[in-house]
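Please keep the sequence and the structure in view while reading.

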Amino acid sequence: MRWAVLVGLAVCVGSAFAHGEVDDVLPTEPGVVFEAAAALRYLSADTVLPSARLAGYLLQGDAGPALRGTQLEHGTVGLAARLDDTWGAQLVLGKHGSDPAHVEAAWLQARRDTDDAVWLLSAGRQQPAMGAVLGGAGHMDRFGLVPLAARMALNNQWIDDGLQLGWRRDAGRSTWHVDAGLWRGKVFPGAAQGGVVPSLHAGWTRGPWAVDAVAARFEPQGRGSAIGGTAGHSHSAPVCDAALSQVVCFSGRSQLAAASWRWSGLDVEQPWPVTLTAAGWLRHETGVVESANGLADYRGSNRGGWLEALWHVHPRWELGWRGERLSASHRLNGPGASLLASETQLSAYAPSSRHTLMLGYSPTDWADIRLEAGRESVAGTRVAFAALRLVLKYATVPVGAR
């Protein structure tokens, strides 16, 4: 019965294009597209997955998202409209589990085509350009859990308000993508107080190959981490007030860098039924950590990535494996260093890992059924899990197209 309710909710509330690059989601001709999507999941594990909190890394300190049981993993509903050859826009509403519904995308885009390139300027709420591998991992893709590296670097996903300039060029058999953005930076690893965040993305595709790289710099002032971790998952860092009550605060610089590589055997002249992927994130931070009980200089380097292999057994069947690893180094210097390490749970640090096997079946073009089994280890806690997922996607033919 619960599955029936979730399926109904998916059709009404569920966009796959919420996680595409902004130039991928608009109709090619003037018109409007409605698209809805949802990922429904039942996950079984003996205990709460330790990756929900991800102790041992300087994060928001909350208890993390609920991962066990039956839930709406992610649902979106949205509209994408192209007004003419220049102007386009998108609006997407999203929902995760029991979290309140929120705006995932609300932007306006201007496009200009020249003889040898395409220029794009988008303004509003959007996901900064990262490429398909980094931007889509863990969001209605083949594996249901957000990679550990993305949990560490982005608190799952980076959606921000800002301005982004994009450049596209086809050069022979290759396609180049370059995107430069300026963002408010109020979401993790940023904070309510801090400077404008610059970002840069570069991508290259040629036949079966796709390579992307992205970098960004945050300067959070008073980014909070809750002490105790009893509160539920949140996309906003705890507030650092003057009393520093039940919160540890970081002020300084946070630098992000990431890269991905994908090779698809389906796109070579003599197709191979294999797709290989590698991706990684780095978050380097320097600054000051402070609580009501102490103050210390902090330097941290967090590194994580994953490898993925897919075997396309049949047009509607595939097998997949994803292996992940996450590590860090932390240094606290000052009179409160020992207590702060305990309050932030940095003292619980240990390298983290996850391995997942997946069997997928697509009975129709708009539905995928996926069975997963895996094991993860975080802060010395090892947990096995299994999940059954239903991913639904629906899109209309552009309305009003010429």
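A residue is called buried when its relative accessible area is under 20%, exposed when that area is over 50%, and partly exposed in between, using a 1.4 Å probe and protein chains only. The model is predicted, so local features need pLDDT of at least 70 and side-chain atom pairs count only at pLDDT 80 or more, while totals for chains, interfaces and linings use all residues. Residues are numbered from 1 along each chain as its sequence is written, and side-chain values use heavy atoms, with hydrogens and water left out.

- A153 is buried, because its relative accessible area is 0%.
- A153 belongs to helix α3, residues 148-154; helices (H or I, at least four residues) and strands (E, at least two) are DSSP runs, numbered from the N terminus.
- Setting aside residues up to four places away in sequence, A153 touches F188, P189, L256, W281 and R283, where contact means heavy atoms within 4.5 Å.
- A153 and A258 are 105 residues apart along the chain, and their C-alpha atoms are separated by 9.4 Å.
- F188 and P189 are joined by a cis peptide bond with an omega of about 10°.
- P189 is located in the loop between β7 (174-183) and β8 (197-206).

**Aromatic pairs**

- The structure holds ten aromatic pairs; rings of Phe, Tyr and Trp (its six-membered ring) pair if their centres lie within 6.5 Å, and planes under 30 degrees apart count as stacked, over 60 as edge-to-face and the rest as tilted.
- The pair of Y57 and Y349 is edge-to-face, because the ring planes stand at 85°, with the centres 5.6 Å apart.
- This pair links distant parts of the chain, 292 residues apart: Y57 is in the loop between β1 (31-45) and β2 (69-82), and Y349 is in the loop between α4 (337-343) and β15 (352-364).
- Y57 is buried at 2% relative accessibility, whereas Y349 is partly exposed at 26%.
- W209, W261, W263 and W272 are linked into a cluster by ring pairs.

**Two strand residues**

- S301 lies in strand β13, residues 294-314, and is buried with a relative accessible area of 16%.
- The side chains of S301 and R303 form a polar contact of 3.1 Å; such a contact is a pair of N or O atoms within 3.5 Å, and within protein one must be able to donate a hydrogen and the other to accept it, while residues adjacent in sequence count only if both atoms are side-chain atoms.
- Apart from neighbours within four places in sequence, the residues in contact with S301 are L282, R283, H284, S327, A328 and S329.
- F34 is placed in strand β1 and counts as partly exposed, at 28% relative accessibility.
- F34 and V313 are 279 residues apart in sequence, and their C-alpha atoms are 32 Å apart in space.
- Beyond its neighbours within four places in sequence, F34 has contacts that include V77, G78 and L79.

**Positive phi angles**

- M140 is not a glycine, yet its phi is positive, at about 65°.
- M140 sits in the loop between α2 (132-136) and α3, and is buried with a relative accessible area of 6%.
- A379, also not a glycine, has a positive phi of about 50°.
- A379 occupies the loop between β16 (367-378) and β17 (381-395), and is partly exposed at 27% relative accessibility.
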